[in-house]
Amino acid sequence: MIFYIMRYFFSILFFFAIVLCIHAQQDVQTAKADTARTAEPHWVPNPTIAALLSAALPGAGQVYSRNYLHSVIFVAAESYCAWRVIDAAQRTEELWDKRSGIDTDSPEYAAARSEFEYSANERNTYLWFLAGAKFLDIADAYISAHLYDFDERMNAPVSIAIIPRRGGAEVCLNFHF
């Protein structure tokens, strides 16, 4: 029962993420055109808020940072891992109940034990994958927000200076940040 509810929930979450990304992409294009016409300072996302949003919802920090492709990727990855965890947990629970009703000396018990251990290992593996995906989601949201206007900031000039010194000269390469 809970498997179907969670699958339904993640399907709806994934659908809304895609719709949000498509809608937000249109808003970004409109906002870029509007920003070009006005001389107002542009918006820069806060990295801490982006990380907290991603901790709360998969891909939310990427949407906040206007990195929509990453948002869809993290929603899909975390939804898949969560679905596999829930599926394996249900199988593990069913096999535990099945195993408890079998005589411990029978071959059926050994087979049920083997299946139970496989399902438990699968559940634990996907739990680790889910934790890793969540960690990467939060880190990516933070970094994406932090580097939001990186290209604009990196258009700084580079200069080369030759400074005469006693007995020679120094060549300096200067990057202005």
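**Entry 1. Ground rules**

I call a residue buried under 20% relative accessible area, exposed over 50%, and partly exposed in between, with a 1.4 Å probe and protein chains only. By that rule valine 171 counts as exposed, because its relative accessibility is 65%. I found valine 171 in strand E2.

The model is predicted, so I took local features only at pLDDT of at least 70 and side-chain atom pairs only at pLDDT 80 or more, while totals for chains, interfaces and linings use all residues. Residues are numbered from 1 along each chain as its sequence is written, and side-chain values use heavy atoms, with hydrogens and water left out.

**Entry 2. Overall layout**

I looked up the secondary structure, where helices (H or I, at least four residues) and strands (E, at least two) are DSSP runs numbered from the N terminus. The protein chain has 6 helices and 2 strands. Read from the N terminus, the order is α-α-α-α-α-α-β-β.

Of the 177 residues in the protein chain, 28% are buried. I then checked contacts, meaning heavy atoms within 4.5 Å. Among contacts with a separation of 6 or more, 59% are between residues 24 or more positions apart.

For the surface I used accessible areas from the Shrake-Rupley method with a 1.4 Å probe; for residues, only the protein chains shown count as cover. The protein chain exposes about 12,200 Å², and carbon and sulfur atoms supply 64% of that area.

**Entry 3. Confidence**

I read pLDDT as the predictor's confidence in each residue, from 0 to 100. The mean for the protein chain is 79, and 71% of its residues reach 70 or more. Over residues 35–40 pLDDT stays under 50, and the model has 0 contacts beyond four places in sequence for them. Where pLDDT is low, the predicted coordinates should not be read in detail.

**Entry 4. Nonpolar patch**

Patches are made of residues with over 30% relative accessible area and no salt bridge; like charges are joined within 9 Å, and nonpolar side chains (Val, Leu, Ile, Met, Phe, Trp, Tyr) within 5 Å. I noted a nonpolar surface patch of about 550 Å², made by Val158, Ile160, Ile162, Val171 and Leu173. Strand E1 (158–165) and strand E2 (168–175) are the elements that give two or more residues to this patch. E1 gives the most, with 3 residues.

I counted a salt bridge when a side-chain nitrogen of Lys or Arg lies within 4 Å of a carboxyl oxygen of Asp or Glu. The search of the whole structure finds 7 salt bridges.

Glutamate 122 forms a salt bridge with arginine 84, with the closest N and O atoms 2.3 Å apart. This pair links distant parts of the chain, since glutamate 122 is in helix H5 and arginine 84 in helix H4, 38 residues apart. Both glutamate 122 and arginine 84 are buried; for glutamate 122 the relative accessible area is 10%.

Arginine 91 also forms a salt bridge with glutamate 122, at 2.7 Å between the closest N and O atoms. Because arginine 91 lies in helix H4 and glutamate 122 in helix H5, the pair ties together parts that are 31 residues apart in sequence. Arginine 91 is partly exposed, with a relative accessible area of 27%.

Aspartate 87 forms a salt bridge with arginine 91, the closest N and O atoms being 3.6 Å apart. Aspartate 87 and arginine 91 are separated by about one helical turn, because they are 4 residues apart in helix H4. I therefore recorded Arg84, Asp87, Arg91 and Glu122 as linked in a network of salt bridges.

Aspartate 140 lies in helix H5 (residues 107–146). Not counting residues up to four places away in sequence, aspartate 140 touches Gln62, His70 and Phe74.

**Entry 5. Two loop residues**

Arginine 66 is in the loop between helix H3 (60–64) and helix H4 (68–100). Phi of arginine 66 is near 60°, a positive value in a residue other than glycine. Arginine 66 counts as partly exposed, because its relative accessibility is 35%.

Histidine 42 is in the loop between helix H1 (2–37) and helix H2 (47–56). At 38% relative accessibility, histidine 42 counts as partly exposed.
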